[in-house]
Amino acid sequence: MTLKLAAKSTQDAFEVLDISPEASPEEIQEAYLLLVATYAENSFASYTILSKEQRIAVLREVEAAYQSLRSRKRIAPRSAMKPAAPAEGTPRPAKTPARAIKPRFWERVYPALARLWPARAPSDPGRNNKRQANRQLTRNYRLTAGQHLKNVRTLKGLTLQSVSEATNIRVSYLRALEEGLYDELPTGVYRRLMLSAYAKSLNLSPESLLKDMP
Amino acid sequence: MSHQIGDWHQSHRSPSGILNERSQASAMGGAAISAGPAAEAEARRPPELTVPVAETRNGQKSVIWAIGGGKGGTGKTFVSATLGQQLSRHGSPVNLVDADLGAPNLHTFLGVPEPATDLSDFFFGKQLPLQSVLVDGGGAGLRFAAGSNRHFNLSNLEHFRRLKFLRHIKSLPGQVIIDIGAGAALNAIDFFKLSDVPILVANANPASIENLFLFLEAVALRIIEHEIQLHSLQEAMRECWHAAGKPPKSVPSLLEMVRQVDLAVERKIRQALNDFQPCLIVNKARGDNDVLLGRCLEDVAKRCLGTRMHYVGAIPFDHRVADCLNQFCPFVPAHPTSETAVSIMLIMDKLLERSRSLEGSR
């Protein structure tokens, strides 16, 4: 659905999104996502402060500002937002099994049964995108796994050397885990194994830390 | 920069004013005060306090953090006790004050169930100075003034007792942390407004957010009322209100009314509201949505109330906090590696940074 939006001056658009005119395209994108999350229908942030009409008016204003900045090429086009092409040699991501989406054999043969037991809905791709967006927006306000590991190690007075001896993991890999430089770690299942080993050596539970790992 | 008592004292040389409950009604142009000429004169005086600007023996000014938030049970007392303990562990002497006079809990969170002296001895009885009422809070350099359950009238304090309390708090040396109670009563609002670093604690549920904004609006109205009283615009405001026919329903509409009466005062009020910049903590956070809520609340406060809040961080929920309270032991020393403890340290760093920048700009 294309909205017919009034031509908004760029200065107004920056004010509505509450960012400086020197903001980079990523910052504009982030400000827009934050405002959409703030004034969304299921958000409590504006509870009792704004009526439904006022909230929708704010969303319209935010959308108009964002679209005007996009139309003025302040924001990279949609094609540039796709993830970068994977480097040579990395394993391709596993394909989702066809059965998850296609109806099962007996649902095709016996459509009446299909009406009794409706086919499983495919997983909502929007949900994952929102989760990713939320993690991005909160990165300055929450502890990342690496920061927490480093803090706990410092509190316990341990050096990377001693942890390396206890877990048999190289110091460079431990440092990469702490800094969050996941590219320097070996790919595949070893990353998660290293993180859980490090966490267990500090008596921390690895589940919440593994969630943070891309 | 937040309001300083010293600023008012220097720029407005009026006789020792009295903080007046009725001034709110008169600012709103409410019903005529029928208590007599003395009370009328009192009502017309601006709600000022002439309190000496606090100086410590080291020559450093005291820094006051006030922790409030409107809703009860959000974790204000937990946060004040924990911040006080951690700051004292880092070396600076800390004075905690339990200003939740009707429902004091600070001594319970600090693990001191029966303090030797409390605020009853300050307000009534021996009427000791506040410095003498402070007791050891279980850490190096941590002292606190406990609330009392011996007198039931502490939540309905008379003016002069409240003023005395404010004066004594302002004269405490070093780092002072005030635990403000729930609700938006005058006690809570005035302590909050007069602190150097006002801190709000909210939870990620609509009830807490509702009360948080009510509290902020009450503080904003108090600031507006002060300016109206200062410039004696009560009569003009009353006329404007009668002309409009209906009372203003929100802070922006009230500001519009003030703008019609006096543009310069409206600009001053906007500046004062802009200078009041509380910090926000989201407590009992479960998940990223709750952490994100802090940033959302920042934007809503700026866009809808004109107040600039600073989100300093989220404290994750941990069931062991309640267990520690049940055992009367402080949480952070018992679980120093939990995410809750580490988040509190990070928040403490940000608050210290904020105090230092405020002190630098004084």
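Trainee: How many salt bridges does the rule find across the interface of chain B and chain A?

Mentor: A salt bridge is read from the distance between a side-chain nitrogen of Lys or Arg and a carboxyl oxygen of Asp or Glu, with a cut-off of 4 Å. In this predicted model, the rule finds two salt bridges across the interface of chain B and chain A. One of them joins Glu30(A) to Arg295(B), with the closest N and O atoms 3.5 Å apart.

Trainee: Which element gives the most residues to the side of chain B that touches chain A?

Mentor: Helix H14 of chain B does, with 13 residues, while the elements that give two or more residues to that side also include helix H10 (206–230), strand E8 (310–316) and helix H17 (339–361). By residue class, that side divides into 16 nonpolar, six polar and eight charged residues.

Trainee: What area is buried between the two chains, and which residues of chain B lose the most?

Mentor: The area buried between chain B and chain A is about 2,700 Å², and carbon and sulfur atoms give 65% of this. On the side of chain B, Asp288(B), Arg295(B) and Arg303(B) lose the most area to chain A, together 23% of what that side buries.

Terms used:
Residues are numbered from 1 along each chain as its sequence is written. Chains are lettered from A and ligands numbered from 1 in the order in which they are written. This is a predicted model: local features need pLDDT of at least 70, side-chain atom pairs count only at pLDDT 80 or more; totals for chains, interfaces and linings use all residues. Side-chain values use heavy atoms; hydrogens and water are left out. Buried area is the accessible area (1.4 Å probe) that two parts lose on being put together, summed over both. Helices (H or I, at least four residues) and strands (E, at least two) are DSSP runs, numbered from the N terminus. Ala, Val, Leu, Ile, Met, Phe, Trp, Tyr, Cys and Pro count as nonpolar, Asp, Glu, Lys and Arg as charged, and the others, Gly among them, as polar.
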